[in-house]
Number of protein chains: 2
Amino acid sequence: MANLYDKAYDFEKAMRESDEFNGLKAAYEAVMGNAEAKALFEEFRDTQMSLQEKQMNGEEITEEEVQKANEIVEKVQKDSLISKLMEEEYRLNTIINEISGIITKPLEELYSAE
Amino acid sequence: MANLYDKAYDFEKAMRESDEFNGLKAAYEAVMGNAEAKALFEEFRDTQMSLQEKQMNGEEITEEEVQKANEIVEKVQKDSLISKLMEEEYRLNTIINEISGIITKPLEELYSAE
């Protein structure tokens, strides 16, 4: 058991030192350091979350809300700092998904046997 | 990047060699090697999944279904092979949750900063 946790901490350390994480960190800090980009990014996050919540609760999403969300997405795409951040998020998420597949492979193999 | 994958494979190897994984594997194989326990375990899984699906789709779960599910749970609890398997599953799941917290800590810290 100690061994598993050791390996997890090794991984955490490698994550902190990786180009991918530091790329994301720099992009995040660039957005947070720019008042306009920060406000837009937070508006975008809030909108996404509120729409997701409604969807999960089976609530109806109005035409107006869809339009508002689209407008924010358009603004976000035009903001170079946020676009960069999203690129970096996508890059790291892809890696994390692959890694989570590697890590859970023993369990998947076990349960798919027979 | 190579480094992150290396660490993930190290972790996978440690998982395969761990007492926890091998305990789960032995318990799973013991259930699968016993026709009666295997059938009961599969019935239990199918029932749980079908109830979960209904819940997620907002479908109503009938009194009869609840009763049937309870009966299976009772039978499962009395089966020593399946009880052992569930104990081992719980043990490994707890570790995996803790480890997933360790691994995603850098990201969590980044996004909760400021």
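Predicted model: local features only at pLDDT ≥ 70, side-chain atom pairs only at ≥ 80, totals over all residues.
**Before you start**

Residues are numbered from 1 along each chain as its sequence is written, while chains are lettered from A and ligands numbered from 1 in the order in which they are written. Local features need pLDDT of at least 70, side-chain atom pairs count only at pLDDT 80 or more, and totals for chains, interfaces and linings use all residues; side-chain values use heavy atoms, with hydrogens and water left out.

**Stop 1: the two chains**

Colour chain A and chain B separately. Chain B can be laid on chain A by a turn of 180° and a shift of 0.1 Å along the axis, with an RMSD of 0.1 Å. That is the relation of a two-fold axis. The superposition is by least squares on the C-alpha atoms of residues with pLDDT of at least 70 in both copies. Now select Lys7(B). In chain B, its C-alpha is the nearest to the axis, 3.6 Å from it.

**Stop 2: helix H5 of chain B**

Select residues 80-103 of chain B, which form helix H5. Helices here are DSSP runs (H or I, at least four residues), numbered from the N terminus. H5(B) has 24 residues and reaches 35 Å from its first C-alpha to its last. That is close to the 34 Å expected at 1.5 Å a residue; the expected span is 1.5 Å times one less than the number of residues.

What caps the N-terminal end of H5(B)? Show Asp79(B): a side-chain oxygen lies 2.9 Å from the backbone nitrogen of Leu81(B).

Next, show the buried residues of H5(B), among them Leu85(B), Glu88(B), Leu92(B), Ile95(B), Ile99(B) and Ile102(B). Buried means under 20% relative accessible area, exposed over 50%, and partly exposed in between (1.4 Å probe, protein chains only). An α-helix has 3.6 residues a turn, so residues three or four places apart point the same way.

**Stop 3: the largest pocket**

Which residues lie nearest the centre of the largest pocket? Select Ser100(A), Ile103(A), Ile99(B), Ser100(B) and Ile103(B). Helices H1 and H5 of both chains each give two or more of them. H5(B) gives the largest share, five residues. By class, the lining has twelve nonpolar, four polar and no charged residues. The pocket volume is about 240 Å³.

A pocket is an open set of points on a 1 Å grid over the protein atoms alone, where a 1.4 Å probe fits, with protein on both sides within 12 Å along at least five of seven lines; lining residues have an atom within 4 Å of a point. The volume is the space filled by probe spheres set on the points.

**Stop 4: the second largest pocket**

This pocket has a volume of about 160 Å³. Its lining includes Arg45(A), Glu89(A), Asn93(A), Leu107(B) and Tyr111(B). H5(A) gives the largest share, five residues. The lining has six nonpolar, one polar and two charged residues.

**Stop 5**

Select Leu110(B), in helix H6 of chain B. Is Leu110(B) buried or exposed? It is buried, with a relative accessible area of 6%.

Move to Met86(A), in helix H5 of chain A. Met86(A) is partly exposed, at 27% relative accessibility. Its C-alpha and that of Tyr28(A) are 58 residues apart along the chain but separated by 9.1 Å.

Finish at Gly33(A), in the loop between helix H2 and helix H3 of chain A. Gly33(A) counts as exposed, at 68% relative accessibility. The C-alpha atoms of Gly33(A) and Val66(A) are separated by 29 Å.

Definitions and conventions. Nonpolar A, V, L, I, M, F, W, Y, C, P; charged D, E, K, R; others polar. Polar contact = N/O pair within 3.5 Å; in protein donor to acceptor, adjacent residues only side chain to side chain.
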